[in-house]
Amino acid sequence: MTRAHLTKTARTAKKRRPHPQPATTPRTAPPAPPPAAPPEGAAGSAGSPRAPRAEPPQAPRPAEPDRSAAPSEPASQPPTGPLSGTPEDSGAPASGDDAAVGASEPTAKQVKAAAKAAAKETRAAAEQAEAAAEEAELRLAEAAEAAFDTLYAHAAPALIRQAEVLTGNEELARYAVHRAFDRAWLRWPEVATDPDPVGWLRSQAFELALAPWQQLLPWHRTPRRARGDLQRLPRGARHAVLLHEGLGLGLRRTAAESMASTPTTAARIIRARDALGEEAVAGLAGLLNEPRVPELPAEQVREMSEERLRHQTLGSVAATIVLVLLTAGGLVFGPLSDHFSVSTPLIDIRFSP
């Protein structure tokens, strides 16, 4: 059997047995036919030649994908990037949703107008808060002034009479009480919260009235003929017996206001009783029941207190400036005095042999 006959037989078998191919499998080239076997019968061989058995053709295998290539992206995913051809990049007209979003975005003028409105509202709120604070401060000042005037009208007459009995000089008593209220107005928060504002004022007034330097002033000096038995006592004894016997304060409170220990205060009271007598001691309470009307109103006392504070502040500032100038002058001109000092030449005395 020749080679041509074998090839024809294989083609005939292939046509008779077609095999279906998957739809998704790409078409590939048909496989090459199997090589024909060499003829068994050759020249010089004995016997008739035998036809070889034809093998059934094999179905072609689907082509395997190339694994070395990169995996392809799904077809449903839209391309991205500057070359993807989107409406924003390509300049195509935007859709209805994009136009609505663009229209809803605020412009620069709208943002500026909103900022101005917010600043105006903030300024108005700050002005309202400042006005409320000023009004509250004004009400607080009015309440403080009213409380001070009430305390002055209630306590000043009795304090003037007590200081007069203590010193024997009405002018000195009025000055001491006015100065005590002056200090009280400068320290009004402290005095207003004190458990006993009248006691605070009394201790200040008695301290000023009994100060030794007050007797050096001609208008505050008490003449000897005007002094009674109480004014001839020492200052500590007068203070203690007036508080304990005249005002009826306890021993501890008397010691606290007179700024002395309890035994010292008790000794002073006993000494004053012995010097005055029981009858004079019992009459102290009656002497204190004659209050004196203050000459200055409460408003004038407050104004004088504030004026005195301004003068003291200006005086302190002026004294500080003068001290600084003197110190600076001493530092600048002090080292220069060394240049004007006359240097004494040294005398070289040599003894000849």
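Helix axes here are lines fitted to C-alpha atoms over the stretch in contact, and angles run from 0 to 180 degrees between N-to-C directions. Keep that in mind for the first pair. One more thing before we start: this is a predicted model.

Start with helix 4, residues 108-167, and helix 7, residues 197-209. Their axes come within 10 Å. The crossing angle is roughly 35°, and the crossing is right-handed. Who makes the contact? From helix 4 we have Leu 151, Ala 155, Leu 159, Gln 162, Ala 163, Leu 166 and Thr 167. Helix 7 answers with Pro 197, Val 198, Leu 201, Arg 202, Phe 206 and Ala 209.

Next, helix 4 again, now with helix 13. These axes come within 9 Å and cross at roughly 115°. This crossing is right-handed. On the helix 4 side, the contact uses Glu 145, Phe 148, Asp 149 and Tyr 152. On the helix 13 side, it uses Ala 298, Glu 299, Val 301 and Arg 302.

Stay in this region for Val 293. It sits in the loop between helix 12, 284-287, and helix 13, 298-333. Buried or exposed? Val 293 counts as exposed because its relative accessible area is 65%, and the cut-off for exposed is over 50%. Now pair it with Ala 153. In sequence, Val 293 and Ala 153 are 140 residues apart. In space, their C-alpha atoms are 9.2 Å apart.

On to helix 5, residues 170-186, with two residues to look at. Take Asp 182, which is found in helix 5. It has 1% relative accessibility, so it counts as buried. Which residues does Asp 182 touch, leaving aside neighbours within four places in sequence? Val 301, Ser 305 and Arg 308.

Together with Trp 213 and Leu 216, Tyr 175 makes a nonpolar surface patch. The patch covers about 330 Å².

Last stop: Thr 265, in helix 10, residues 262-276. Why is Thr 265 called buried? Because its relative accessible area is 0%, and buried means under 20%. What surrounds it, beyond neighbours within four places in sequence? Thr 265 is in contact with Ala 240, Leu 251, Thr 254, Ala 255, Ser 258 and Ala 260.

That's the tour. Happy to take questions.

Terms used
Residues numbered from 1 in each chain as written. Predicted model: local features only at pLDDT ≥ 70, side-chain atom pairs only at ≥ 80, totals over all residues. Heavy atoms only, no water. Patch = residues over 30% accessible without salt bridge, like charges linked within 9 Å, V, L, I, M, F, W, Y side chains within 5 Å. Areas by Shrake-Rupley, 256 points an atom, 1.4 Å probe, with all protein chains shown as cover. Salt bridge = Lys/Arg side-chain N within 4 Å of Asp/Glu carboxyl O. Helix = DSSP H or I, 4+ residues; strand = E, 2+ residues; numbered from the N terminus. Buried < 20%, exposed > 50% of the residue type's maximum accessible area, 1.4 Å probe, protein only. Contact = heavy atoms within 4.5 Å. Left-handed = near helix turned anticlockwise from the far one by under 90°.
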